[in-house]
Amino acid sequence: MANEKNEWGSNISFLLAMIGSAVGLGNIWRFPYVLYSNGGGAFMLPYFAALIILGLPLMLSEWNLGRYGGKYGHGTLGPMVYLQAREGAKPKTALILGAIAGGLAFAVTLLVNSYYNHLIGWTLGFAVSSFTGAYMDQSQSTADFFVGYIQDPKMVFTFWIIALLGLSFAVMRGVEKGIEAWAKVMMPVLYVFGIVLAIRSLTIGSPVNPEWSSLKGLNFIWNPDFSTLTWRSALAAAGQIFFTLSIGIGAMLIFGSYMEKDQRLFGEAVNITVLDTVVALMAGFIIIPACFAYGIEPGAGPSLIFITIPNIFAQVAGGRVWGGLFFLFLSFAAFTTLVAVFENIISFDMDLFGWSRKKSTLVSLILIIILSMPCVMGFNVLAGFTPLGEGSTIMDLEDFIVSNNLLPLGSLGYVLFCTKKNGWGWNSFLEEINQGEGWKFPAGIKGYMSYGLPLLIIIIYLKGYYDKFQPMGTKTLIG
């Protein structure tokens, strides 16, 4: 390769970057309304269980594969291809499958980037609009403002390009000077923003009804009614894990490829899972109590973020500042996730073509801009194209392909690759994951990892399709 091998400068830097990769809009955008729609505090029981039986083993499969494959290359292609071909022990068909898997992982990261960067642009735009008070104009509703915003090419393009340039700058400087440096700043600030916003949300009194307050929302979270739990709640919790931990798209794999082998992965994965979950809970403490105080339905779906929440900030004292901080909170969470996705793309180019990091970043930036254009035009020029039914957009289609298909199928591929003989194999998986100091990964769960976990992923995958196309209609990203 033309580039030198990159490694994390310190363990704390690595942890911050990994947490940033896991923390995303799934924690803040999606978690609160899934929590509310599935019984509030009662939902936390299957959610925590899903983190242990689903999230941790899937994260470790992807992460462990990345660390081992890092000696061959840092993109998804390197581990998949070279692990299949090492020492000539694998048949040519396995090598081909490895190349296909690596290529698909690269395609996934391109697709994710083609629409996720728009969401960063939206959150940045709304942060500015909040600080300036633009969406607090009483002459229009927050819903009208949001629709006007996404239909305005100037606004959309401006903040979208700012987001892309920021991402490009972060990855062009490499692991230690770029990704690591950004994580050291963004992650502590994100936690501070979350704590401050949660405290403010919990002190909101209701202007609608004196008997209401934000504390009712807190009570809804921490005084669970377990009679509300159903098998659907359990599957919803399991499905949320893919969003919460950002697994299945190669983000964990690429950062794992820069790791040294002085620490066992199990204990590190537990730390990341706990700190990632803290962000999701902070989002719940911010959004649900505020909605309760104003008598607003927290289960309204993703439109909660850009329509309902701005409506609350428009009525709260100091709402411009609180709203601006909230959308910066969202921006930081989205940015830290997409840095890992972008890094995966340029690492693929560096591994496959021997390009420098600078050249790979610039070429990838141009490619992403081209691939993002359908999503950009999906709210204006191509607004009439509704691929998933009335009210849907191109972004909804891309989100459906990623969320309902590629995340679970990607995770299924990683776990099968790590446990089956025609992939990496269980013994090789254990040998790698238990290198270093710390908690040892339990060898006794081979049967679950090989059969139970894949079956669970398939059930979640099928359930996602059922939810998407049930007779009540399709659920869209912003509808």
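Residues are numbered from 1 along each chain as its sequence is written, and side-chain values rest on heavy atoms, with hydrogens and water left out. Because the model is predicted, local features need pLDDT of at least 70 and side-chain atom pairs count only at pLDDT 80 or more, while totals for chains, interfaces and linings use all residues.

The protein chain holds 18 helices and zero strands, where helices (H or I, at least four residues) and strands (E, at least two) are DSSP runs numbered from the N terminus. Of its 479 residues, 58% are buried; buried means under 20% relative accessible area, exposed over 50%, and partly exposed in between, with a 1.4 Å probe and protein chains only. Among contacts (heavy atoms within 4.5 Å) between residues at least 6 apart in sequence, 80% join residues at least 24 apart.

A pair of aromatic rings is described by the distance of the centres and the angle of the planes. Rings of Phe, Tyr and Trp (its six-membered ring) pair if their centres lie within 6.5 Å, and planes under 30 degrees apart count as stacked, over 60 as edge-to-face and the rest as tilted. By this rule there are 34 aromatic pairs, and two of them are set out here.

| Pair | Distance of centres | Angle of planes | Class |
|---|---|---|---|
| Trp222 and Phe285 | 6.0 Å | 40° | tilted |
| Tyr461 and Tyr465 | 5.3 Å | 65° | edge-to-face |

Trp222 lies in helix H9 (residues 214–222) and Phe285 in helix H12 (residues 265–293), so this pair ties together parts that are 63 residues apart in sequence. Trp222 is exposed, with a relative accessible area of 52%, whereas Phe285 is buried at 17%. Tyr461 and Tyr465, by contrast, are four residues apart in helix H18 (residues 446–468), separated by about one helical turn, and Tyr465 is partly exposed at 29% relative accessibility.

Ring pairs also link a cluster whose members include Trp29, Trp122, Phe313, Phe326 and Phe379. Leaving aside residues up to four places away in sequence, Phe326 touches Leu197, Ile286, Ile287, Ile305, Ile309 and Phe313.

Which residues line the largest cavity? Among them are Leu197, Arg200, Ile286, Ile309, Phe313 and Phe326, and the space in this cavity is about 110 Å³. On a 1 Å grid over the protein atoms alone, a cavity is a set of points where a 1.4 Å probe fits but cannot get out, and lining residues have an atom within 4 Å of a point. Grid points are joined across faces, edges and corners, and a volume is the space filled by probe spheres set on the points. The count comes to two cavities of 30 Å³ or more.

Ser246 sits in the loop between helix H10 (231–245) and helix H11 (251–256), where its phi is near 55°, a positive value in a residue other than glycine.

Methods: On a 1 Å grid over the protein atoms alone, a cavity is a set of points where a 1.4 Å probe fits but cannot get out, and a pocket is an open set with protein on both sides within 12 Å along at least five of seven lines; lining residues have an atom within 4 Å of a point.
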